[in-house]
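Hi,

Here is the structure I promised to pass on to you. Have a look at it first, and then read my notes below.

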Number of protein chains: 2
Amino acid sequence: MYTQAELKKLVNKAILNLSYNEEAEKLNDPVKYILSIGGKRLRPVLALMACNLFNDKIDDAVIPATGLEVFHNFTLVHDDIMDHAPVRRNLPTVHSKWNLNQAVLSGDVMAFIANECFLQTPAHCMSKVFRVFNKAAIEVCVGQQLDIDFEKAAIVSHEEYLRMIELKTAVLLAASAKIGAIIGGCDDREADLLYEFGRNLGLAFQIQDDLLDIYGDVKVFGKILGGDIISNKKTYLLVKALEIASVEQAKQLHKQFALKEFDPEIKVKTVVELYNQMNIKNISENLANNYINTAFSLLDNLGVINERKTELADIASSLIGRDN
Amino acid sequence: MYTQAELKKLVNKAILNLSYNEEAEKLNDPVKYILSIGGKRLRPVLALMACNLFNDKIDDAVIPATGLEVFHNFTLVHDDIMDHAPVRRNLPTVHSKWNLNQAVLSGDVMAFIANECFLQTPAHCMSKVFRVFNKAAIEVCVGQQLDIDFEKAAIVSHEEYLRMIELKTAVLLAASAKIGAIIGGCDDREADLLYEFGRNLGLAFQIQDDLLDIYGDVKVFGKILGGDIISNKKTYLLVKALEIASVEQAKQLHKQFALKEFDPEIKVKTVVELYNQMNIKNISENLANNYINTAFSLLDNLGVINERKTELADIASSLIGRDN
């Protein structure tokens, strides 16, 4: 069994070995940049772990897994344009470091570099793997559209919010796990089970991300706490709070999010106090835990000896910051 | 044998029948818009003609051919962002009609809708077809990068310019012809030959496009004549003129293209007069004709009875505005 650290190393090596059409090197500079500034490599690692569940040999999955990471970074480059985000992972975003046109175009080529990776899937399962990926890719675009739509919407229900993060984040984790499992040689039932595992993991992960924005450790999280509140971003915490708020609490929340000029510290403190009155932290943590527990029970249902499941269980636990 | 008109109808029908993930309809509105505002459907028609060379049955090629058109329109949506172009085919571009973010995102999803089409290629040649497409897709991005780079470059040789249009325009026509031929059941030599046919056609087509900007019939061309001169766009005509100009002619050309304020009509007239002194129209027409003649002789080398080649020959002739 490969450990998470070993798999991350394999992925990083594969990223360095990606081949580029070098005729216009300016095109590839931003691609190499965004791929080099790290992150957890969660999607390819998940794919390789899922492959490793069914197979000691994971070589066949490394390039398609890398395709998942390239695709994910493509979405980051274009999402950062749409969000006017100046910084990603403590470094300038592609459109800030270069410019808008370069971010559009270098992002575009990443979609086809990702394709190139999926085309290197072993022939007997290439079309199956590519379909799983491509369905997810379209859903990620749909999720991003819903995210844009929701930012302008007056009211978003928590069900709508969860569906949005399912599409924008969870389906790609789901597809990653399924793709790895397929290449590892699983059957159709197991492939669906791994998909559900990844989907639940992704939902937990995104809710956890919303929580960390307020309740995280600033040294670990690497962002200013309350950034989502300052920028009026809809999060699970906010949409849920607006649903269960009393008339007076709702009025106060709306007031905070309507302020044109404000002291960020006071705004964050006021909103967090309202969240605390409504027990939003617990409600959100419980929901994230429910998703993780569902993910665990899906793993339990898998007809593979338990020793093979430890890495996947560990990654699931670590995502919501609990020891397994 | 299908005629060009019949094939265009088939493609338009397939475009109308494309299936969409409708969960965020705003995402698809620009996709349907750009795909509905027409154009010649040159790439899919070329693919279907190439298929029809080898096979009476072309059904298997219709969806992949449609993928070529979807991909082409994806590049138009994003290129129009990069060029700040307000109008395409006499209608507002996607980013003008909607906004930048919508153009980025709806463009993105088109790349995956195109993938979806290629995944519907018959299994026995899917991976081969997809590889031909994807290589071309990356090259189109490289071509767009070179185009951006060249706009800022002081000097571009005619060889560099031709390579740029080869990548930006010709390789996709080449891939279209090759993909159709592969699905039609050709052998490897024939596939390469069709690729070369499309590549030469594409080069002729782009030079012809540069010529039409100045020497076209405004009623047929649908744009203001001299637009490339007004906007200082590098064209084959300009890069070639700068290469063969006398010191005095070069000085005058540079002067025109350095003007901050000018009467468009006078600028166009002055530049065209310089072009005429240098015989640029003939030089460019001869080059386009050379490419078309090469395309014809490639067709001649094809071991298929001549009657099957008439539609491809006709489209080649019509592209450079001559009767076959």
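Let's begin with how the two chains sit together in this predicted model.

Next, the contact between them. Chain B puts in 34 residues and chain A puts in 34 residues. On the side of chain B that touches chain A, the elements giving two or more residues are α2 (25-36), α4 (59-82), α6 (100-118) and α7 of chain B. The biggest giver there is α7(B), with 16 residues. Also, 100% of the interface residues of chain B are interface residues in chain A too, so the copies meet through the same surface.

Now zoom in on α2(A). This helix runs over residues 25-36 and has twelve residues. From its first C-alpha to its last it reaches 16 Å, close to the 16 Å expected at 1.5 Å a residue. Which of its residues are buried? They are L27(A), N28(A), P30(A), V31(A), I34(A) and L35(A). These cover an arc of only 155° around the axis, which puts them on the same side of α2(A). Here's the general idea behind that: an α-helix has 3.6 residues a turn, so residues three or four places apart point the same way.

What covers those buried residues? The cover includes α1 (4-16), α4 (59-82), α5 (94-97) and α6 (100-118) of chain A, together with α7 (123-152) of chain B. Just after α2(A), G38(A) takes a positive phi of about 85°.

Glycine aside, most residues have a negative phi. Two other residues are worth a look here. R41(A), in the loop between α2 and α3 (42-54) of chain A, has a positive phi near 55°. N90(A), in the loop between β1 (87-88) and β2 (91-92) of chain A, has a positive phi near 65°. Are they buried or exposed? R41(A) counts as buried because it has 24 C-beta neighbours inside 10 Å, whereas N90(A) has 9 and counts as exposed.

Then there's the core. The largest nonpolar core has 207 residues, and L48(A) and L48(B) have the most contacts inside it. Among the residues that L48(A) touches are Y2(A), L7(A), L10(A), I58(A) and V62(A).

Finally, the confidence scores. Chain A averages a pLDDT of 94, and 97% of the residues score at least 70. The model has an ipTM of 0.96 and a pTM of 0.96.

Cheers

Note on methods
Residues are numbered from 1 along each chain as its sequence is written. Chains are lettered from A and ligands numbered from 1 in the order in which they are written. This is a predicted model: local features need pLDDT of at least 70, side-chain atom pairs count only at pLDDT 80 or more; totals for chains, interfaces and linings use all residues. A nonpolar core is a set of buried Ala, Val, Leu, Ile, Met, Phe, Trp, Tyr and Cys residues joined through C-beta atoms within 7 Å. A residue is buried if 20 or more other C-beta atoms lie within 10 Å of its own, exposed if 12 or fewer, and partly exposed in between; C-beta atoms are placed from the backbone. Two residues are in contact if their C-beta atoms, placed from the backbone, lie within 7 Å. Helices (H or I, at least four residues) and strands (E, at least two) are DSSP runs, numbered from the N terminus. The expected span of a helix is 1.5 Å times one less than its number of residues. The arc is that of the directions from the helix axis to the C-beta atoms. pLDDT is the predictor's confidence in each residue, from 0 to 100.
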